[in-house]
Amino acid sequence: MPTDDEFSPEEPTEDTGFDDSSSDATSVDTGTEDTGFDDSSEDTGTDESGSDDTGFDDTGFDDTPTDDTSSDDTGFDDSTTDGDTTDDSTFSSDGSAAAGSELGPPFLVADQYPLDSGPHPPWTNLVDAPNFVGAIIKAWEGLHYNDGGWFTNNWSAVRDAGGDRYGDSWFRGAYLFLRFAADGAAQADAYLRAVDQAGGWDQGDIIPVVDVELGSEKNPNFTASAQQIVDCTSACADRIRSETGRRVMLYGRGAMRERSITDHMKCDVVWNPSYTAHMVTNGLQAWDLEDIVLWQYCGDNKGFVANLPTSVPGFAKLDISVYVKGTQRPTLQMVRDSLL
């Protein structure tokens with residue numbers, strides 16, 4: 001998914017749970033900011049400046065340090081996630097996920113958009129992979145968006161792949177990539193129509209997600225002012241809440257950091273992209289640690305947290321997030337309460 005964040009130089013961290021001590025000494029916060037999934041940069045190494053930027057600019061995965069100066073190490077102790085099994089027999093001997101409420105942490109969520117793994121990602125592979133409890137996919141962008149039917153086809157496919165787990169230990173979500181120059185409420189309406197036309201919301205669906213990113217220099221969002229971002233995001237989240245009666249999740253961090261935004265923008269919880277060994281929260285100072293429910297630690301199969309996966313067979317490019325609950329060790333019920 002659009003990932004708005006960073007590989008940053010090593011910096012002081014507050015250790016509040018996520019023990020990555022099993023990683024080697026070089027896998028500290030050494031990254032850059034990935035701001036927006038620019039599909040024109042996919043593995044080509046060429047400058048295709050005429051392409052449409054629809055999210056994830058993977059050119060951000062370079063080694064240029066950024067100036068993050070404050071961070072928090074949060075989440076849970078990953079020393080319990082050795083290999084494909086856990087000490088509470090969460091997973092079966094063949095590595096596949098056990099049923100329903102037997103699942104234990106870590107709880108992982110993948111996200112995809114049309115140019116990640118093709119028209120028909122192998123969702124059953126994700127359902128069968130240890131620790132995964134769902135997927136969030138791109139539903140819409142701005143006011144006008146044509147994905148050739150990708151979202152419509154995959155919205156039902158993600159639910160169906162979960163089988164009996166759907167709504168219990170398998171969840172799906174849909175996100176809207178915001179264009180700050182356009183009306184936020186109108187973008188919310190377009191996003192909600194897209195979900196309705198794909199079959200609508202169901203009981204196992206993650207709360208609506210608003211993707212707030214500046215993107216690369218080719219992205220019109222890149223020049224947006226703080227006030228534009230606040231106004232657009234607030235109007236969008238307000239419309240989504242009024243139409244659905246549900247809470248709204250904010251995805252992103254770099255836009256808030258770069259524009260010094262300290263407004264919740266009508267959102268309720270945060271999905272934080274931070275490709276570092278410790279979760280960096282610079283840019284989210286307005287939010288409490290408890291408000292951060294997902295940490296996207298892996299983008300395009302690149303991650304730095306020890307013992308957590310960075311790929312799943314059949315997926316060409318995968319972004320992975322881990323569910324976090326402040327300093328607490330999460331439970332599956334916490335996942336349901338926070339995300340649904």
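This is a predicted model: local features need pLDDT of at least 70, side-chain atom pairs count only at pLDDT 80 or more; totals for chains, interfaces and linings use all residues.
A residue is called buried when its relative accessible area is under 20%, and I136, at 0% relative accessibility, therefore counts as buried.

I136 is found in strand 6. Leaving aside its neighbours within four places in sequence, I136 is in contact with a group of residues that includes V109, A110, D111 and Q112, together with G173, A174 and Y175, and also I206, V209, W271 and L294.

Among contacts between residues at least 6 apart in sequence, 74% join residues that are at least 24 apart. The chain exposes about 12,500 Å², of which carbon and sulfur atoms supply 46%.

The next element to follow is strand 13, residues 319-323, in which five of the five residues are buried, so that the strand is largely enclosed by the rest of the structure. In a regular strand the side chains alternate between the two faces of the sheet. Strand 13 can be read in this way: D319, S321 and Y323 point to one side, I320 and V322 point to the other, and all of them are buried. Two other strands pair with strand 13. Strand 5, residues 108-112, runs antiparallel to strand 13 and is joined to it by four bridges, with A110 standing opposite I320. Strand 11, residues 292-299, also pairs with strand 13 in the antiparallel sense, over four bridges, and here L294 stands opposite Y323.

Beyond its neighbours within four places in sequence, S321 is in contact with F107, L108, V109 and D111, with W271, and with L294, W295, Q296 and Y297.

Helix 3, residues 150-162, has 13 residues and reaches 19 Å from its first C-alpha to its last, close to the 18 Å expected at 1.5 Å a residue. Its buried residues are W150, F151, N154, W155, V158, A161 and G162. Seen down the helix axis, these buried residues fall within an arc of 145°, and so they line one face of helix 3. They pack against strand 5, helix 1, helix 2, strand 6, strand 7 and helix 4. Just after helix 3 comes G163, which takes a positive phi of about 55°.

Helix 4, one of the elements against which helix 3 packs, has 14 residues that should span 20 Å at 1.5 Å a residue, and its end C-alpha atoms are 20 Å apart, which agrees. At the start of helix 4, a side-chain oxygen of D183 reaches to within 3.2 Å of the backbone nitrogen of A185. The buried residues of helix 4 are G184, A185, Q187, A188, A190, Y191, L192, A194 and V195, and what covers them includes strand 6, helix 3, strand 7, strand 8 and helix 5. Helix 4 is followed by G199, whose phi is positive, near 130°.

Helix 5 contains Q228, a residue with which the reading can end. At 34% relative accessibility, Q228 counts as partly exposed. Leaving aside its neighbours within four places in sequence, Q228 is in contact with F180, A181 and T223. Q228 and A181 are 47 residues apart in sequence, and their C-alpha atoms lie 7.2 Å apart in space.

Definitions and conventions:
Residues are numbered from 1 along each chain as its sequence is written. Side-chain values use heavy atoms; hydrogens and water are left out. Buried means under 20% relative accessible area, exposed over 50%, partly exposed in between (1.4 Å probe, protein chains only). Two strands pair if DSSP finds at least two bridges between them. Contact means heavy atoms within 4.5 Å. The expected span of a helix is 1.5 Å times one less than its number of residues. The arc is that of the directions from the helix axis to the C-beta atoms. Accessible areas come from the Shrake-Rupley method with a 1.4 Å probe; for residues, only the protein chains shown count as cover. A polar contact is a pair of N or O atoms within 3.5 Å; within protein, one must be able to donate a hydrogen and the other to accept it, and residues adjacent in sequence count only if both atoms are side-chain atoms.
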